[in-house]
Amino acid sequence: MFTFKKISAVMFAGALALSLGACSSSKETAGSNSSKKEESTGYPTKAISVVAPSGAGGGWDLTARSFTKILSETKLVNQPLTVENKPGGGGAVFMAEYATQQAENNDMLLVNSPPIIINNLKKEGNSPYGYKNTTPLAQLTKDYGAIVVKTDSKFKDLKSVLDEVKKNPSKLTFAGGSAPGSMDHLISILPAYKYGVDPTKIKYVSYDGGGEAITALLGGNADVIGTDASSVKEFLKAGKVRVLAITASERLSGDFKDVPTAKEQGIDAEFTIWRGVFGPEKMSKEALVFWEKTIDKLVQSPEWKKEVETQGWELEYKNSSDFKTFLDEQEKQVQQLLTALGMQK
């Protein structure tokens, strides 16, 4: 059952690399040696682009940059890896391009999370394309939602915000790095919904990525933002923001150890954010096998585990087969959620 009581968006994944070389042997015949000379070096043969369908600074962008950085450092991929930011529509704009113009482009991967399902199912800003127009490769991590204000805000805890919103739901401006009805919107309104506020009356402004949402908050263009915890970690450490609540089931460690969960404050609102990597819908078998094996090696490497810890994420890896099965199930759950909001298509 997928309810507002607990929105768990988990993500699965797949990835492991194909070693295509051939070992020559002194006992091999001249014929077999000549056939080896004709063998291809195999995929990939050129640079790989990893797309974050948002502006810089948000969860997709950080995931893409960590993914490419560790793949390069560990030499699991010998071709150059670059990150491209393609903002628009909370990921929906690039999803249309990926599904139509890049459907056979083995050299372009996509980082995404629950919006790849949500955007395809919601009524407003609906995208005709979703995860079924990709090749799911792997779930890499999970993160949690955060309710955030500026350091000098009058709000010191989650309930003070919710009391204000309950008096006048449209008084405060909430913002996030995804479109209405998408992930940051759900994070923003979930505590208020659980507090008895009509979520349709809350003023929500969307930006292209968590980085832009944080800029809006710091610039006074938003009172509160709902975003992923990892995106605000550096701003919290720098003393620029106050995190009022985390949507985890229990307190996080590290930089968030002093931040109470929503549940601790009497609001039963949990939201788990998964993030993963996708290939194009018509990805070749060779490329799929390469990424399955390569990502499997990546997530087991000490370098990746350290990067995940540094970013404040939690490692939650699923291979491509399990990831695909999960997404099929998650689609039904998200449909139930949007129906409760009156935002289903």
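Among contacts in the protein chain between residues at least 6 apart in sequence, what share joins residues at least 24 apart? The figure is 80%. Keep that in mind as you click around this model, which is a predicted one.

**The whole chain**

Start with everything shown as a cartoon. Of its 345 residues, 55% are buried.

Select residues 173-176, which is strand 6, and then 203-206, which is strand 7. These two run parallel and are joined by four bridges. To get from strand 6 to strand 7, the chain passes through helix 6, residues 183-194, in a right-handed β-α-β crossover.

Which residue of strand 7 is its bridge partner? Val205 is the one to pick. Ala175 also has a bridge partner in strand 8, namely Ile225.

That takes you to strand 8, residues 224-228. Strand 8 pairs with strand 6 in the parallel sense, over two bridges. Strand 5, residues 134-150, is joined to strand 8 by four bridges, but here the strands run antiparallel. For a landmark on that side, select Ala146, which stands opposite Thr227 of strand 8. Is strand 8 mostly covered or mostly open? Mostly covered: five of its five residues are buried.

**Leu186 in helix 6**

Go back to helix 6 and select Leu186. Its relative accessible area is 1%, so Leu186 counts as buried. What does Leu186 touch, leaving aside its neighbours within four places in sequence? Show Ile118, Gly181, Phe271, Leu337 and Leu341, and you have its contacts. Take a moment over Phe271: Leu186 and Phe271 sit 85 residues apart in sequence, yet their C-alpha atoms are 8.7 Å apart in space.

**Helix 2 against helix 9**

Next, select helix 2, residues 59-73, together with helix 9, residues 285-300. The two pack at an angle of about 90 degrees, and their axes are 11 Å apart. Because angles of 65 to 115 degrees count as roughly perpendicular, that is the word for helix 2 and helix 9. To see where they meet, show Phe67, Ile70 and Leu71 from helix 2 with Trp291, Thr294, Ile295 and Leu298 from helix 9. Sorted by class, this contact has six nonpolar residues, one polar and no charged ones.

Is Glu307 buried or exposed? Buried, because its relative accessible area is 8% and the cut-off for buried is under 20%. Beyond its neighbours within four places in sequence, Glu307 is in contact with Ser66, Lys69 and Ile70.

Finish with the backbone. Most residues other than glycine have a negative phi, and most peptide bonds are trans. Here are two places to look at with that in mind.

Select Lys75, in the loop between helix 2 and strand 3 (81-85). Its phi is positive, near 60 degrees. Lys75 counts as exposed, because its relative accessibility is 62%.

Then select Tyr43 and Pro44, which are joined by a cis peptide bond with omega at about -5 degrees. Where does Pro44 lie? Look in the loop between helix 1 (30-37) and strand 2 (48-52).

Terms used. Residues are numbered from 1 along each chain as its sequence is written. This is a predicted model: local features need pLDDT of at least 70, side-chain atom pairs count only at pLDDT 80 or more; totals for chains, interfaces and linings use all residues. Side-chain values use heavy atoms; hydrogens and water are left out. Two strands pair if DSSP finds at least two bridges between them. A crossover is right-handed if, with the strands pointing away from the viewer, the path from the first strand over the helix to the second runs clockwise. Buried means under 20% relative accessible area, exposed over 50%, partly exposed in between (1.4 Å probe, protein chains only). Axes are lines fitted to C-alpha atoms, for helices over the stretch in contact, and angles run from 0 to 180 degrees between N-to-C directions. Angles under 35 degrees count as roughly parallel, over 145 as roughly antiparallel, 65 to 115 as roughly perpendicular and the rest as oblique. Contact means heavy atoms within 4.5 Å. Ala, Val, Leu, Ile, Met, Phe, Trp, Tyr, Cys and Pro count as nonpolar, Asp, Glu, Lys and Arg as charged, and the others, Gly among them, as polar.
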